[in-house]
Amino acid sequence: MLLFALPGFTQRNADGKRGNEIYIDGKGIIRHSVNDKEAAFFGVNYTLPFAYGYRSHKIQSINMEQAIDRDVYHLARLGVNAFRVHVWDTEISDSLGNLKQNEHLRLFDYLLARLEERGIRIIITPIAFWGNGYPERDERTGSFSDVYGKDGALVQEKAYVAQERYLKQFFSHVNSYTGKTYTKDAFIVATEVNNEPHHSGPKARTTEYVNRMAAAIKSTGWTKPVFYNISESPWYADAVAKSVADGFSFQWYPTGLVAGHQHRGNLLPHVDHYIIPFDTIPEFKNKARMVYEFDAGDVMQPYMYPAMARSFKKAGFQWATQFAYDPLGNAFANTEYQTHYLNLAYTPSKAISLLIAGRVFRSVPVFKSYGKFPTDTLFGTFRLSYKNQLSEMNSDTEFYYSNSTDTKPVKPSALAHIAGIGSSAVVKYNGTGAYFLDRLPDGSWRLEVMPDAVPVSDPFAKASLSKHVTRIFSNERQMTIKLPGLSKGISVTPINAGNSYIPKITAAAFSIKPGTYVVTASGKSYKSSNTLVNGNIKLNEFVAPPDDSLKVEVDHQAYCSVAGNIPYKIKAVVAGVSEGDSVQILANLLTGAYRVIHMQQTGSYIFEAMLPADLLRPGLLQYRIVVTQKGKRPVIFPGCQSGDPFAWDYINQKYYQTIISAPGSIVKLYNAERDVDNVIVYSPEWKTDSYEYVTNKDGNLAISLNHKPSNNELGGLELFVKDEILTNAANLGQFSFITVKAEGNMSAKIVLIDAEANAWSAAINIGNGIVKVPLSAFKPDSLVLLPRPYPGFQSLRFKSAAISDFSLLNVEQIQLLLTGDNAKAYNTIIEGISLETK
């Protein structure tokens, strides 16, 4: 009886503690019923049974069950222990809410069964409201979501009734692969009623909706936690909090979504902490918290996930699932969701960072704080580094790294699990894919090596199944393992099905190809066993995509400008070449005479060449990259067209080109015409703020930032300028001013941001010409986090706690932020921002 008197302790929680895997205590902490310890679930969303994921595999004639098996294996390999998805109710229901028994539901059941075999726990969100089209057009399915839409489904009585019917049938449905209903399935630990509801109308109606949907679920015998989204409609947070929901769900997209290109620069300030603005609502207190979706949209940098996991725990979350893991079948093109990209084979560094993030989430206590950036980049056994593009875990038994690292393991003799990319103190490797080492009970090691992944284009640009953004190659590579007991000689035995490759071994160094192996000390033999790695991975399992059969490909971006009369390096990724093939640069200054410069391979798929100073006279440099494979005609880039580039009928007239600047020339940090595809524009509110491209009074293209009177923030823009700074580094000492060419009657400030996220600003008044600001006028300040983080109640500004001295050489980003009177209308037209000598 005393238990029931505790605040927040309900009959449901008591039942949950007796019969369910988890329960929520009186303070809103999710605990394991078996031992009362804090629970922590970290994983992914994954959508193959539904919508585009389903269709894209059908189009490619990929066996669905085999595709699910492959992906679930990789999730287990990454240590995932949580899965969530918003079920596309539009594909499995009719207009009255009756459940359809069809292929989508069957495959969903199959997926759940495979996840459960790997020990992965599940939260189901049974109502998505979405159409099933994205990135294609929606189909008219005739479901209740199709009939009422997201907004109507939350206010119309007939829609309520249809959803109640659907929920009752959905949770009573028997999974033919597990033999259990979703209600009785112990691996399904909780539910979230729907996905991202857009509430409107009377708040009492919102509370009623939540209560009625929860009642429909509980009518099936459900006694587990019921979550409801509180962050998507924050104006209705109090109405949601008054409901019977046991906990509340949130999302986090700290770098926005669908930029169309990769975001660069130090993004750690974007994930420094997660703000929850609902603590003043009494009913919100002592309720559990989950993150149903998160991702750093349009970001490939492999340190974001562990930082987000750390911030989630500080905010009190105990469930977090990334959106969304790309199926192996279409990850080569990143067509699942253009703004997200995560797959073990195709994005190995990000995947290892997800593994590390899972360790962060499951080891850091709820509400634990490690301070602010940059202090919080070192916490517990974890390290995050923008400079080294690295996330790292280094404990007695585990050593994981998302990129090459110089860190030494704290206790090599105790290591049991290693995973990484590149090289470390214990593994030297010259491939680009991920590898895993797990110590077996007899002292030998299970080695799993993934194929090389080679990025060949921006994965966040326009996507298509006809375009590869990452290539896969199963090349022979070299590996050295430096672990106690293996330094005097080893044997390496292939064990996965179909793997006949025999490594060539010298002491602890050996050749290797993708596959699974057992590594033993010389003189010790490998004996087959039924040992499971991490409790859910069979010894001989291995999954990897096959090599593609595409032709040679070059990924290279020419610099806009470089300092003249000074040698500079050209770097390119070249995929599809073998030993003995040649890569050359054909360059000229529009003189008609070409210079041939051989590119040298300096890393896996990386080719470089130093252009000599005498070639870099001020002017316009044009060049091509020519790849010649043995026995084949040259292929010329840009254009990817074979032939003789000097032949009279060679029609490919594409070139890379770079302006060679004369001493004292201005450096264009932002140019509206040049940077249309790269600039980040901040428009705070679409109803009052907009932007468009116009021609200014000089006839040049410019961007117009437009504002209608409101109480909103004013807009601005941001650009990554590190390349322009570094390619003109030799002349930086000559520059004394930042100039802004703009029109309009508006005050603003220029913000310069360095690699450590320090910011310096200077105020300007925009008139109808050029505004010149001395570099000496810049003072320490905060920066605006762009793109705007989502949800909108997250921090917009950041100021480093450890600001350093200003150095123009370290500047990586520039912002122009309008600071005028937001109660007035304005149109500010900006053509460019430059560095000038005087």
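The buried residues of helix H7 are covered by elements that include helix H5 (89–92), H8 and H9; contact here means heavy atoms within 4.5 Å. Helices are DSSP runs of H or I with at least four residues, strands are runs of E with at least two, and both are numbered from the N terminus. This is a predicted model, in which local features need pLDDT of at least 70 and side-chain atom pairs count only at pLDDT 80 or more, while totals for chains, interfaces and linings use all residues. Residues are numbered from 1 along each chain as its sequence is written, and side-chain values use heavy atoms, with hydrogens and water left out.

H7 itself spans residues 144–153 and is mostly covered, with 7 of its 10 residues buried. Buried means under 20% relative accessible area, exposed over 50%, and partly exposed in between, with a 1.4 Å probe and protein chains only. The buried positions in H7 are Phe144, Ser145, Asp146, Tyr148, Lys150, Gly152 and Ala153.

I turn to two of the covering helices. Two packed helices are described by the angle between their axes and the distance between the axes. H8 (residues 157–172) packs with H9 at an angle of about 25 degrees, and their axes are 8 Å apart. Axes are lines fitted to C-alpha atoms, for helices over the stretch in contact, and angles run from 0 to 180 degrees between N-to-C directions. H8 is therefore roughly parallel to H9, a term that applies to angles under 35 degrees. On the H8 side, the residues that meet H9 include Tyr160, Val161, Glu164 and Leu167; on the H9 side, they include Tyr209, Arg212 and Met213.

Asn194 lies between strand S8 (188–192) and helix H9 (203–218). Is Asn194 buried or exposed? Asn194 counts as buried because its relative accessibility is 0%. Leaving aside residues up to four places away in sequence, Asn194 touches Thr125, Ile127, Phe129, Leu154, Tyr209 and Tyr228. The side chains of Asn194 and Tyr228 are joined by a polar contact of 3.2 Å. A polar contact is a pair of N or O atoms within 3.5 Å; within protein, one must be able to donate a hydrogen and the other to accept it, and residues adjacent in sequence count only if both atoms are side-chain atoms. Asn194 and Met213 are 19 residues apart in sequence, with their C-alpha atoms 9.4 Å apart in space.

Notes:
Parallel < 35°, antiparallel > 145°, perpendicular 65-115°, else oblique.
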